[in-house]
Each structure stands twice: as structure tokens, then as C-alpha cells.
Amino acid sequence: MAKRKSEPEPTSEPSAQEYTVVARRYRPQQFDQLIGQESTAQALINALSGNRVAHAYLFTGARGVGKTSCARILAKALNCEKGPTATPCDECEICKGIISGDDVDVLEIDGASNNKVDEIRELRGNVAFRPSRARYKIYIIDEVHMLTAAAFNALLKTLEEPPPHVKFIFATTETSKIPVTILSRCQRFDFGMIRAESIAKHLHAIVKQENREADDAAIDQIARRAAGSMRDAESLLDQLLSFGERVTPELVHKLIGTAPAERVAAIATSIFGRDTKAAIDIFAAALREGSQAGELLDQLIEFWRDLMLAASCGSDVPGLVNPVQVVKSVASTSTLDVVLAGLDVLTIAKARLKFTSHGALLVEMAIVRLSRLDQLFTVSDMWSLLQSARNEAPTAVNSRPFSGAGSQLPNSFDEKKKMTI
């Protein structure tokens with residue numbers, strides 16, 4: 001196994017006439033460059049070393065976590081002139097062709113636009129022909145879940161017993177849409193979300209390679225914003241690098257529409273202080289300065305998540321996004337039940353946000369509801385009050401007819417259940 005490179009290296013230098021985006025230039029070219037997917041990389045290395053490479057693989061996971069990159073590396077490992085090897089040379093004509101996407105024996109197919117049964121039948125007919133110059137003819141089908149049911153059925157027999165010179169590598173973000181008959185014929189590898197710390201370390205290396213500068217806080221913001229997707233992080237960094245020589249937190253906030261952590265904390269402090277007007281005013285000021293309602297809602301969800309961890313596990317729990325002292329101070333003014341109820345309010349607002357054009361209104365409604373949470377009874381509190389009332393005056397309560405809210409307590413279990421709901 002080749003020694004891991006300390007810094008990512010661009011696959012090709014961009015010319016003055018044609019710029020290649022960061023996500024493509026710093027695409028992993030070796031198994032040991034697959035950040036966050038070390039277990040999958042090691043399994044494939046072992047398969048190559050032990051001559052136990054399967055005829056069909058299925059790579060699953062969210063977007064931007066390395067599925068297609070891993071498929072290309074595996075194709076190079078199988079067809080490299082110095083292979084099969086776990087460390088393809090990246091120098092021979094076959095490796096260069098696979099890197100550029102021009103190799104005649106490694107066919108990358110978009111499942112979304114080539115999903116008809118006739119196209120799969122054509123593929124099945126071409127499988128019988130031997131590769132032009134390499135050891136294997138390799139089919140990489142991205143977003144394979146987009147194939148129609150008829151197309152999957154046309155692929156079944158070939159996938160189960162392909163010729164010895166053919167390998168299939170499928171990639172998908174939605175495994176549930178793939179028939180079990182296809183799943184059972186593939187070796188499946190699940191690609192997990194990449195840790196924010198790993199993304200940040202990689203982004204720092206890219207900034208250094210590009211001879212640019214970036215604040216640590218800005219890189220951390222980008223890594224969290226990417227939500228586990230390396231490609232999303234690289235694309236956002238690429239945008240920021242075009243703004244100026246140095247990437248700062250203020251620049252990140254301006255580009256993606258977020259607000260400084262101090263402003264989010266101020267909204268939370270006002271909410272727990274039951275100062276609804278102040279919370280709404282701070283939110284409105286953030287919108288006037290360029291923040292987006294949806295992004296602010298995400299930041300509030302992050303803050304309430306930190307409050308939940310601090311209230312249940314202590315402020316020294318790892319993984320807090322917001323400053324520890326701020327989270328600890330706000331968490332001390334409330335209870336865990338109120339924080340959990342607040343998370344419900346925020347996540348419901350987030351789910352509704354995609355179906356409306358009134359995003360700011362949804363966030364304002366959430367802020368008002370959050371400000372009133374400490375005035376609400378929990379189900380357990382309500383039940384305790386009811387039981388207490390029953391014990392104090394059981395005869396009078398049961399003998400009087402119902403004449404209004406609170407005048408009579410329910411007798412049956414079903415009625416109790418209805419009242420607590």
C-alpha cells in the first residue's frame with residue numbers, strides 16, 4: 001500500500017483558458033486518499049491482493065462521499081498496466097484514460113438518463129465483446145436506482161453470470177429503490193458521512209496547495225455546512241476562493257446566508273428570557289443584513305441540539321457547535337423537557353419550510369412558540385393535577401353532571417386518555 005500523501009495533489013493543472021473546479025482537481029486517485037471510507041478502501045485492497053474481486057459491486061451512500069471516485073480507483077486497480085494492483089500507477093495510458101473519462105474499456109453510464117430497457121439491452125449485447133486493450137470491460141452505472149423495472153429485469157441474468165472479462169460497479173444514493181434481486185447479486189459497500197473534522201483537515205490542505213489563506217473558523221463553518229459531503233465542502237470552498245485572497249467567517253456568512261453565532265445566541269437568550277419582541281427584532285435585523293430564514297432556522301436547530309446535549313450530558317460533552325460557555329449559560333435557564341419540546345417546534349418548522357414561500361413567517365411562528373413553551377403543561381403534569389383533583393373531591397366530582405370545562409373528571413380510561421391528549 002502506497003504511503004499516504006500528507007496533502008492532496010491536483011490531478012491536472014488548470015490552464016489559463018480552462019479552469020477545472022476544486023472538486024475535480026482534488027478528486028481521490030488512490031484508495032488511501034478516500035477520506036472517511038477507510039474500511040471500504042481496506043476491504044477492496046484486500047480483495048485485490050487476494051485475487052477475490054467480485055463481478056459486481058454496489059456502492060451506496062449520500063452524495064459527495066466518494067462512491068464514484070472509489071469506482072474509478074477500483075477500475076484503475078483492475079486495468080492498470082502494472083496490475084491488477086491496489087496502488088495503480090496513474091501514469092500508464094489506461095490509468096490516464098480512466099482519470100479523464102476517455103478510456104474505451106471503462107464505461108461510465110448515468111442511470112438517470114440511460115434508464116430505458118432498450119439501453120440496457122444494448123449494454124447487455126455489448127458485454128459479450130472483449131475489452132479493446134485492458135484486462136476487463138468495466139461498467140460504472142451512477143444513480144442506478146433510476147433504472148426502470150424493465151431495465152433491471154433485462155440486467156438480471158447478465159449480472160448474475162457475466163463473462164469473466166466484465167465487471168459491474170453500481171453507485172446509488174437510494175438503496176431502497178433497487179430490487180432485492182439486484183442487491184443479492186452484488187457485493188454492497190455503504191459509504192458513511194464524512195466527519196466534519198476530516199473535511200476541515202482536507203480543506204486546509206487544499207487552501208495551502210492553492211497558496212491561499214483561510215481562517216480556522218471559516219473552514220470549520222464550511223465543514224459543518226457540508227453535512228458530511230466532501231464534494232459540497234470543496235464546491236463551497238471553490239466559491240469562497242474566488243472572492244479574495246483570504247477566506248474569513250464573515251465571507252462565509254455572506255455567501256451562504258448564515259448569521260454569526262453571537263446573533264443566534266442572542267435570539268436563544270431572548271426566547272428563554274420570554275422576551276419575544278427582542279427575539280423577533282434580532283431575527284428581523286439578521287434578515288435585513290442578508291441572512292436567509294432557512295439558514296437561520298438550521299442554526300437555531302444546531303443551538304437547541306447543543307442545549308439538549310449540555311442539559312443531558314453536561315457542557316463538557318464533545319461535539320458542541322456553539323461556544324461552550326454560551327450554551328452552558330442558556331441551558332441553565334431551562335429544563336431538558338422544554339429544550340426537547342423546542343427541538344420539536346424547530347424541526348417541524350424545518351420540515352414545513354420546503355413547502356412554502358413564507359420562510360420568514362415560519363421562523364417567526366417558531367420563535368413565538370418557543371417563547372411560550374414554559375407556560376405549557378406536560379402530559380405527566382396534567383395527569384398529576386387530574387389525579388390530585390380526583391383524590392380531593394371524588395364524590396362531588398362524580399355526582400355532578402358535566403356543565404363545563406373542568407367541572408367533571410373522566411371516569412373511564414379512554415376518557416382520561418382523550419383529556420391528556
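1. Which strands does helix 5 lie across? Helix 5, residues 117-126, lies across strand 2, strand 3 and strand 4, and runs at about 160° to strand 3. Keep in mind while you look that this is a predicted model.

2. Five strands make up an open sheet, in the order 2-3-4-1-5, with parallel pairing. Strand 2 (106-110) and strand 5 (187-191) sit at the edges with a single partner strand each, so one side of each has no neighbour in the sheet. On average, neighbouring strands are turned by 15° against each other, direction ignored. In case the idea is new to you: strands of a sheet pair through backbone hydrogen bonds, either parallel or antiparallel.

3. Asp110 stands opposite Asp142 of strand 3.

4. Helix 3 (residues 67-79) also packs on the sheet, where it touches strand 1 (56-61), strand 2, strand 3, strand 4 (166-172) and strand 5. The direction of helix 3 makes about 155° with that of strand 1.

5. On to the nonpolar cores. The largest one has 35 residues, and Phe303, Trp304, Leu307 and Leu346 touch the most other members. Helices 12, 13, 14, 15, 16 and 17 are the elements that give two or more residues to this core. Helix 14 (293-313) provides the largest share, nine residues.

6. Trp304 is worth a click. Setting aside neighbours within four places in sequence, Trp304 is in contact with Ala268, Ile271, Phe272, Val339, Gly342, Leu343, Leu346 and Leu370. Another core, of 33 residues, lies apart from the largest one; Ala47, Ala71, Cys80 and Ile140 are among its members.

7. How many aromatic pairs does a search of the whole structure find? There are eight aromatic pairs. In one of them, Tyr57 and Phe59, the ring centres are 6.3 Å apart and the planes are at 40°, so the pair is tilted. Tyr57 counts as buried at 2% relative accessibility, and Phe59 is buried with a relative accessible area of 0%.

8. Compare that with Phe272 and Trp304: their ring centres are 5.4 Å apart and their planes at 20°, so this pair is stacked. The pair links distant parts of the chain, with Phe272 in helix 12 and Trp304 in helix 14, 32 residues apart. Phe272 and Trp304 are both buried.

9. One last thing to find on screen: ring pairs link Tyr57, Phe59, Phe189 and Phe191 into a cluster.

Technical notes. Residues numbered from 1 in each chain as written. Predicted model: local features only at pLDDT ≥ 70, side-chain atom pairs only at ≥ 80, totals over all residues. Heavy atoms only, no water. Pairing = 2+ DSSP bridges. Helix = DSSP H or I, 4+ residues; strand = E, 2+ residues; numbered from the N terminus. Axes fitted to C-alpha atoms, helices over the stretch in contact; angles between N-to-C directions. Contact = heavy atoms within 4.5 Å. Core = buried A, V, L, I, M, F, W, Y, C linked by side-chain atoms within 4.5 Å. Buried < 20%, exposed > 50% of the residue type's maximum accessible area, 1.4 Å probe, protein only. Phe/Tyr/Trp six-rings, centres within 6.5 Å; stacked < 30°, edge-to-face > 60°.
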